[in-house]
Amino acid sequence: MVQALNIGVLLSGSGTNLQAIIDRIEDGSLNCRIVKVISSRPDAYGLKRAEAAGIPTLALNRDVYADPIAADELIVREMREAGAEYIVMAGYMRMVRDPLLDAYPDRVLNLHPALLPSFKGAHAIQDAFDAGVKVTGVTVHFANTEYDKGPIVAQRAVEVLEDDTLDSLEERIHATEHALYPEVLGLLAAGAVTVGEDRKVHIAR
């Protein structure tokens with residue numbers, strides 16, 4: 001069997017995408033191992049999910065992020081020591097900076113609840129709903145120094161229904177995230193994802 005891909009997870013909140021990844025690993029359908037979970041907030045429920053799964057955790061706080069470069073250097077040290085090969089942002093509400101991006105070039109993965117390049121930023125679901133679009137979705141991309149602008153790995157559309165509320169749309173988008181993110185990690189674990197010289201992602205099927 002191919003060796004599992006070691007991933008480190010960054011989060012800030014409830015950790016539902018972390019849980020989706022944990023569930024897929026535990027049922028044997030995802031060949032990854034989560035070696036560490038780091039939270040930007042000590043009260044993030046995602047830490048409890050990690051601890052329940054026996055995953056080592058580290059909780060940072062606002063004081064650590066007073067120097068964002070030093071914070072990312074700390075994250076790099078922790079993730080390297082844990083053996084992480086990829087960094088997976090799962091609801092991580094901090095900008096990643098050069099120390100982390102340089103340590104893990106094209107290996108820092110982010111999830112965005114819209115079809116980039118549309119509706120960038122922290123309120124993507126609300127913005128798409130307010131704009132009256134008929135289709136929105138989910139994007140998985142590699143992070144870079146520009147917010148929500150790194151090479152796109154995968155996207156999946158979510159139709160906006162006539163009777164949707166913001167809550168119902170958000171629920172379906174999150175369900176799509178929980179399916180798509182583990183699928184992408186599976187492709188990474190299989191060595192099927194490369195970033196070309198054109199900075200576009202190519203997937204071997």
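Colleague: What share of the protein is buried, and what makes a residue buried?
Modeller: Buried residues account for 45% of the 205. The term means under 20% relative accessible area; exposed means over 50%, and partly exposed is in between, with a 1.4 Å probe and protein chains only. This is a predicted model, where local features need pLDDT of at least 70, side-chain atom pairs count only at pLDDT 80 or more, and totals for chains, interfaces and linings use all residues. Numbering runs from 1 along each chain as its sequence is written, and side-chain values use heavy atoms, leaving out hydrogens and water.

Colleague: What does L185 touch?
Modeller: Contact means heavy atoms within 4.5 Å. Beyond residues up to four places away in sequence, L185 touches L5, I7, I21, L30, C32, V88 and L109. Across the protein, 62% of the contacts with a separation of 6 or more join residues 24 or more positions apart.

Colleague: Which residues of α1 are buried, and what covers them?
Modeller: N17, L18, A20, I21 and I22 are buried. Their cover includes β1, β2, α2 (45-52), β4, β5 and α6. In general, an α-helix has 3.6 residues a turn, so residues three or four places apart point the same way. G28 follows α1 and has a positive phi, near 85°.

Colleague: Why is H141 called buried?
Modeller: Its relative accessibility is 2%, so H141 counts as buried. H141 lies in strand β6. Neighbours within four places aside, its contacts include V108, N110, L116, D148 and I152.

Colleague: Why is P42 called exposed?
Modeller: P42 has 54% relative accessibility and therefore counts as exposed. P42 sits in the loop between β2 and α2. Leaving out neighbours within four places, P42 still contacts L47, A59, L60 and N61.

Colleague: What makes A204 exposed, and where does A204 lie?
Modeller: The relative accessible area of A204 is 54%, so A204 is exposed. A204 lies in the segment after β9 (201-203). Its C-alpha is 8.4 Å from that of G191, 13 residues apart along the chain.

Colleague: Why are D106 and F119 called partly exposed?
Modeller: D106 is at 26% relative accessibility, so D106 counts as partly exposed. F119 is at 23% and therefore falls in that class too. D106 is in the loop between α4 (98-103) and β5; F119 is in the loop between β5 and α5 (124-131).

Colleague: What is the phi of D106 and of F119?
Modeller: Most residues other than glycine have a negative phi, and most peptide bonds are trans. D106 is not a glycine, yet its phi is positive, about 55°. F119 is not a glycine either, and has a positive phi of about 55°. The peptide bond from L116 to P117 is cis, with omega near 15°. P117 belongs to the loop between β5 and α5.

Colleague: How far apart are the mean positions of the positive and negative charges, and what makes a residue count as charged?
Modeller: Lys and Arg are positive, Asp and Glu negative; His and the chain ends are not counted. Each charge is placed at NZ of Lys, CZ of Arg, CG of Asp or CD of Glu. The mean positions of the 20 positive and 30 negative charges are 3 Å apart.

Key: Helix = DSSP H or I, 4+ residues; strand = E, 2+ residues; numbered from the N terminus.
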